[in-house]
Amino acid sequence: MKITWIAFMAAMAITPVLIAQKDSVATHPTWAAGMYGSISVGYGLFSDPFRNVSVMGASLPATGLIYSMDAGIAFRNKFGLRAVIGRIAARNIRPNIKRALEAANPGYVATFLSASGVNNKLSKHYAIGLSYAIPRNQWCFQPELLLGSTTVSLETTFVQLKELGTHRACFYKVKSDFQHYKSHTLTFGGRAAWYVGQYWGVFADAWFLTIWNNFQYQVEKTDLLEQTMDTENVQIKNREFGATGKLGIFLQIARWEGNGY
Amino acid sequence: MTRALFLLMSGLCCLLMFGNFQCEQHYCSLEFELRNWHSVWLNNSGIEPITSSDPIPRSALGIRLSAAFLNPDSLSVSENEACSWQAFHPISQLEIFATNGFDTIANGDNISSRFRLRALNAYSFQYLTLEQALGPVNFFYAPVTPDYEIDLVMIEPPSQSGAYQFSVKITYDSLSMPPSPDTFFTLPTVILQ
């Protein structure tokens with residue numbers, strides 16, 4: 001599914017670009033005009049941003065770290081392609097599991113949720129999509145729409161639920177057949193780039209991400225009063241949102257003459 | 001040069017002879033005694049059981065037994081030190097009786113099978129029968145605490161609301177010659193909703 005999306009978006013991007021190339025007048029190596037590469041580092045806030053961290057009971061911002069390497073090309077007609085390879089703060093999905101179990105068992109509340117091992121870790125993030133350049137003197141603004149994926153660590157999770165009003169309690173061992181899952185992402189954002197030199201500059205990126213999760217789990221449920229155990233398969237589907245800000249530096253091989261980008 | 005080597009070797013020899021090297025961590029094992037038992041009613045309606053003197057829902061009734069936790073060796077143990085604690089006079093039987101009968105239960109019947117120990121574990125808690133409870137009651141790993149508490153929950157409550165009275169009997173292992181006789185006390189009347 002993900003490959004289909006990427007292929008579709010790439011085809012959509014390339015078609016107008018190839019047409020535009022015929023009319024372009026480039027200086028320096030024509031084939032390189034508008035090509036750039038960049039590196040950036042920043043911070044991201046995702047759904048429940050501080051659930052990722054628990055150091056001595058305090059929340060630390062280190063888990064929101066995000067960095068990425070981008071490569072792209074902006075064509076003469078201002079449309080462009082951008083590919084992103086990077087890392088974003090690993091998201092602890094255990095609270096999602098806890099919420100899903102509480103939702104499936106009305107009247108029960110979680111009395112225990114095992115700690116996550118993904119604190120302060122990063123997970124892979126890949127994205128590809130379209131950008132559009134709006135040059136203004138030394139500045140260039142680039143809105144962008146990217147499709148991609150990010151890895152989620154599917155750790156075995158232990159949850160204990162207790163029924164309010166009674167002694168009844170259940171212990172859940174939630175385990176996936178896979179260690180990792182790739183969630184689809186849709187990124188809408190923009191870049192404000194400032195040309196310090198002829199072919200390089202600095203920029204600030206802002207992203208708004210939507211992340212689709214669809215996890216399959218095997219759940220072992222032990223009733224603590226009855227001492228009975230059931231096993232069932234559970235699907236947890238949800239959507240998360242994130243906002244990130246990054247600062248970086250870019251290098252452009254050549255610029256379109258007269259267009260300022 | 002020779003003098004420096006001599007001094008170095010002498011220093012090493014002194015270290016080996018007089019140094020207090022420890023290759024293994026000291027294993028800390030202590031004994032405890034329990035005195036002055038008390039009991040209160042528990043309401044386990046919420047996430048954690050809380051003590052209550054008000055009417056309690058029948059399905060959430062519990063008893064908290066507490067005793068003074070004494071260390072006969074009078075050893076000072078820091079709170080961070082992980083020690084195993086073993087009862088100097090182990091409890092051999094923990095029983096609950098219905099002072100007044102209810103449902104099919106006659107006055108004075110043993111209703112221990114209707115109770116479970118709410119034992120804390122690495123995750124949160126688990127329920128143990130009172131026979132299974134003797135293990136964790138007499139031997140545990142825990143930081144030093146001034147109080148010793150046992151939470152018992154009633155999993156088969158009376159079918160009707162009303163006033164009820166229960167008794168607790170704690171029997172010690174007779175082989176270890178307990179300093180005090182077995183303990184038997186009756187809890188105050190509880191109103192069940």
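pLDDT is the predictor's confidence in each residue, from 0 to 100. The legends below describe views of a predicted model.

**Figure 1. Overview of the two chains and the confidence of the prediction.** Chain B has a mean pLDDT of 79, and 77% of its residues reach 70 or more. Within chain B, helix H1 (residues 2–18) has the lowest confidence, with a mean of 65, whereas strand S2 (residues 50–51) has the highest, at 90. Where pLDDT is low, the predicted coordinates should not be read in detail. For the complex, the predictor gives an ipTM of 0.75 and a pTM of 0.70. Chain A contains two helices and 12 strands, and its elements follow one another along the sequence as α-β-β-β-α-β-β-β-β-β-β-β-β-β. Chain B contains two helices and 13 strands. Of the 261 residues in chain A, 36% are buried; of the 193 residues in chain B, 20% are buried. When contacts between residues at least 6 apart in sequence are considered, 72% of those in chain A join residues at least 24 apart, and the corresponding value for chain B is 69%.

**Figure 2. The contact between chain A and chain B.** Chain B contributes 13 residues to the contact, and chain A contributes 13 residues. On the side of chain B that touches chain A, seven residues are nonpolar, six are polar and none is charged.

**Figure 3. An open sheet of three strands in chain B.** The strands of this sheet are arranged in the order S5-S11-S12 and pair in antiparallel fashion. Strand S5 (91–98) and strand S12 (183–186) of chain B each have a single partner strand, so one side of each edge strand is left without a neighbour in the sheet. On average, and with direction ignored, neighbouring strands of the sheet are turned by 10° against each other. Strand S11 (residues 166–172) of chain B is joined to S12(B) by four bridges. Ser167(B) faces Thr186(B), which belongs to S12(B).

**Figure 4. Strand S3 of chain B and its partners S1 and S9.** Strand S1 (residues 29–43) of chain B runs antiparallel to strand S3 (residues 61–70) of chain B, and nine bridges join them. Asn43(B) has Leu61(B) in S3(B) as its bridge partner. S3(B) also pairs with strand S9 (residues 147–154) of chain B, through seven bridges and in antiparallel orientation. Here Ala68(B) is found opposite Asp147(B) of S9(B).

**Figure 5. Helix H2 of chain A and the strands that cover it.** Helix H2 (residues 94–104) of chain A has as its buried residues Arg94(A), Asn96(A), Ile97(A), Lys98(A), Ala100(A) and Leu101(A). The cover over these residues of H2(A) includes strand S4 (108–113), strand S8 (157–163), strand S9 (169–175), S11 and strand S12 (228–252) of chain A.

**Figure 6. The nonpolar cores.** The largest nonpolar core has 41 residues, and those that touch the most other members are Ile97(A), Leu101(A), Val159(A), Cys170(A), Tyr172(A), Ile56(B) and Leu152(B). S9(A) gives the most to this core, with five residues. When residues up to four places away in sequence are not counted, Ile56(B) touches Trp41(B), Asn43(B), Leu61(B), Val190(B), Leu192(B) and Gln193(B). Among these, Asn43(B) and Leu61(B) are bridge partners.

**Figure 7. The surroundings of Val219 in chain A.** Val219(A) is part of strand S11 (residues 200–223) of chain A. Val219(A) counts as partly exposed because it has 19 C-beta neighbours inside 10 Å, and a buried residue needs 20 or more. Neighbours within four places in sequence aside, Val219(A) is in contact with Tyr172(A), Val174(A), Thr231(A), Glu232(A) and Val234(A). Thr185(A) is 34 residues from Val219(A) in sequence, and their C-alpha atoms are 27 Å apart in space.

**Figure 8. Two loop residues of chain A with positive phi.** Most residues other than glycine have a negative phi. Lys78(A), however, has a positive phi near 80°. Lys78(A) sits in the loop between strand S2 (65–74) and strand S3 (79–89) of chain A, and counts as partly exposed because it has 18 C-beta neighbours inside 10 Å. Gln227(A), likewise not a glycine, has a positive phi of about 60°. The loop that holds Gln227(A) lies between S11 and S12 of chain A. Gln227(A) has 10 C-beta neighbours inside 10 Å and therefore counts as exposed.

Technical notes:
Residues are numbered from 1 along each chain as its sequence is written. Chains are lettered from A and ligands numbered from 1 in the order in which they are written. This is a predicted model: local features need pLDDT of at least 70, side-chain atom pairs count only at pLDDT 80 or more; totals for chains, interfaces and linings use all residues. Two strands pair if DSSP finds at least two bridges between them. Axes are lines fitted to C-alpha atoms, for helices over the stretch in contact, and angles run from 0 to 180 degrees between N-to-C directions. Two residues are in contact if their C-beta atoms, placed from the backbone, lie within 7 Å. Ala, Val, Leu, Ile, Met, Phe, Trp, Tyr, Cys and Pro count as nonpolar, Asp, Glu, Lys and Arg as charged, and the others, Gly among them, as polar. A residue is buried if 20 or more other C-beta atoms lie within 10 Å of its own, exposed if 12 or fewer, and partly exposed in between; C-beta atoms are placed from the backbone. A nonpolar core is a set of buried Ala, Val, Leu, Ile, Met, Phe, Trp, Tyr and Cys residues joined through C-beta atoms within 7 Å.
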